[in-house]
Structures are given as structure tokens and as C-alpha cells.
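Reader: I would like to go through the side-chain contacts of this model. Please keep the answers brief and give the cut-offs.

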Amino acid sequence: SYMVKMRRSVKRPQDKTLLLIVHVGTLSLFCLYPVFWALGPCTQRISSNTETLVFSWLDFVTKFIFTTVLC
């Protein structure tokens, strides 16, 4: 994976820790997408407005965290 290769190329321990946090954070947020999808269209537990808001928020935050690594 790109994240693993990047982490191996970093020398400073602080930078390795930051990359690990970003890696775990990005993966965790990506794992929330199917959860909210299941709560919305599948089980009707949340409204379509809430689902749209959550997906927008997840999209914004996940992309922000992921592009932080690329920069």
C-alpha cells in the first residue's frame, strides 16, 4: 500500500507516528460509510437528510486527512 511505503521512507519517529495516525484515521472514517449506508437506505433508521449530511461530512473530513499525507 502507498501508506505503508510512505511510512517506511520516513526517518523521524514523530513523522512515523503522524503517518500512523493519519493512516488509521482515514481507514476508520472509510469504514463508517457502509455503517451509515446501512442505517439509511437499508434500515430506514436515519432520514435521507441526515444521511446526506453524514456522507458530506465524512467525505470532507476523510479527503482532508488523506490529502494531508500527500502534501
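Author: The model is predicted: local features need pLDDT of at least 70, side-chain atom pairs count only at pLDDT 80 or more, and totals for chains, interfaces and linings use all residues. Residues are numbered from 1 along each chain as its sequence is written, and side-chain values use heavy atoms, with hydrogens and water left out.

Reader: How many salt bridges does a search of the whole structure find?

Author: A salt bridge is a side-chain nitrogen of Lys or Arg within 4 Å of a carboxyl oxygen of Asp or Glu. The search covers the whole structure, and its count of salt bridges is 2.

Reader: How far apart are the closest N and O atoms of Asp15 and Arg12?

Author: Arg12 is partly exposed at 48% relative accessibility (buried is under 20% relative accessible area, exposed over 50%, partly exposed in between, with a 1.4 Å probe and protein chains only). Asp15 is partly exposed too, at 29%. The two form a salt bridge, and their closest N and O atoms are separated by 3.6 Å.

Reader: Which residue meets Lys63 in a salt bridge?

Author: The N to O distance in this bridge is 3.3 Å.

Reader: How many aromatic pairs are found, and what is the angle between the planes of Tyr33 and Phe55?

Author: Rings of Phe, Tyr and Trp (its six-membered ring) pair if their centres lie within 6.5 Å; planes under 30 degrees apart count as stacked, over 60 as edge-to-face and the rest as tilted. The search finds 2 pairs. Tyr33 and Phe55 are stacked, with centres 5.8 Å apart and an angle between planes of 10°.

Reader: Which residues form the aromatic cluster?

Author: Tyr33 in helix H2 (residues 13–42) and Phe55 in helix H3 are 22 residues apart, and their pair links distant parts of the chain. Tyr33 is partly exposed, at 22%. The one cluster consists of Phe30, Tyr33 and Phe55.

Definitions and conventions. Helices (H or I, at least four residues) and strands (E, at least two) are DSSP runs, numbered from the N terminus.
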